[in-house]
Amino acid sequence: MKNLRTRQAWSFKRKLLVVMIVVLLGLGTVIYSLADRYLIEHVEVAVADDAAAAGSSENAAATAAEVNAAADDWNYSSDDIQIRIDQVQTGSGPDQITYFVADVVLKDKNSLRAAFADNSFGTNITEDTSEIASSNNAIFAINGDYYGFRNDGVIIRNGTLYRDDPVRDAMALFKDGTMQTYSEEEVSSSDLLAQGAANTLSFGPILIQDGKIASDFSNVKIDTNFGNRSIQNANPRTAVGMIAPNHYVFVVVDGRSEGYSRGMTLTELANVMSDLGATEAYNLDGGGSSTMYFMGRVVNNPQGKNQERGVSDILYIKEGATS
């Protein structure tokens, strides 16, 4: 009888051990899958360093001198680039909003560029906006669409197609200085490239299209990825708009900092872009990513803590950009 109980006990322990091993293997697989999807870097294409291609920082400084550049903390003026940045505050107390508006006029169509974190296209590759901007000799930059957080969308950067999986409303910047909002499922990447698309961004929603506020934003959905917040409430925001060809407006809204800035809803952001005169406007990645960089410093207050969050990509402006 005692031997039987001993055998039964050992049998139970073996079964329990097997169950524990199976559970641990299952958890390990889930944890690795999540890490692989959201944490582990995957480089698909190494991209030439734009700054290196254009020359050293000394050469960039020489270029700036050649185009008669002058600047202060909020303005930049040269033969090819005009940038004016304004800080705007509205409301008070818990309803106060602080945001930054950059009015940009370009003569050189190649001055507006895009860059990837670590000069690499892929997933989970991130650097701070200021790091990417500095390494590309940018005068001005904002965070992009954080393409690396997802594996779909149409991604054209500096005239090269990197991803072609149309799913959402997007925005294209063309080599003639125009901007167009469109549906990725209705306009092919080949058509965009044939029309001269230099950069496409895939986030959204469209804020202004053909001079009109695009839609009711109360039910907008961008992604269903793990970890996404609701985008309906007041949040930090980043947006880009076109007033006229080669005349852009970039807006970065701070948020999540009571008494300084609560952030904006999409409706409020669309109204701001409309008031600024944008005929096309598009919402980019926001929240902790929202960052505006100008002349070597971060202008806004990322995450309400003066702390940048790593991003996949930026839009930036520089002198003497390559074609």
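**The open sheet and its surroundings**

Modeller: Let's start with strand β14 (residues 206-209) and strand β18 (residues 280-283), which run antiparallel and are joined by 2 bridges. Strands here are DSSP runs of E with at least two residues, helices are runs of H or I with at least four, and both are numbered from the N terminus. Two strands count as paired if DSSP finds at least two bridges between them. Within this pair, I206 sits opposite Y282 of β18.

Before going on, a word on the ground rules. This is a predicted model, so local features need pLDDT of at least 70 and side-chain atom pairs count only at pLDDT 80 or more, while totals for chains, interfaces and linings use all residues. Numbering runs from 1 along each chain as its sequence is written, and side-chain values use heavy atoms, with hydrogens and water left out.

Now zoom out to the whole sheet. It's open, has 9 strands, and reads β2-β3-β4-β5-β17-β16-β18-β14-β15, with antiparallel pairing. At its edges are β2 (70-71) and β15 (212-213), each pairing on one side only. In general, strands of a sheet pair through backbone hydrogen bonds, either parallel or antiparallel. For scale, the protein has 21 strands and 6 helices.

Not counting residues up to four places away in sequence, I83 touches W74, N75, Y76, D103, V104, I139, F140, F294 and I317; contact means heavy atoms within 4.5 Å.

So what does I83 belong to? I83 is among the residues with the most contacts inside the largest nonpolar core, alongside F140, F250, Y282, M292 and I317; that core has 41 residues. A nonpolar core is a set of buried Ala, Val, Leu, Ile, Met, Phe, Trp, Tyr and Cys residues joined through side-chain atoms within 4.5 Å. Buried means under 20% relative accessible area, exposed over 50%, and partly exposed in between (1.4 Å probe, protein chains only). Strand β11 (residues 169-174) gives this core its largest share, 5 residues. There's also a second, separate core of 18 residues, including V101, V249, V253 and V272. Across the protein, 48% of the 323 residues count as buried. Of the contacts between residues at least 6 apart in sequence, 71% join residues at least 24 apart.

The stretch to watch is residues 224-229, where pLDDT stays under 50 and the model has 9 contacts beyond four places in sequence. Where pLDDT is low, the predicted coordinates should not be read in detail.

Terms used:
pLDDT = per-residue confidence, 0-100.
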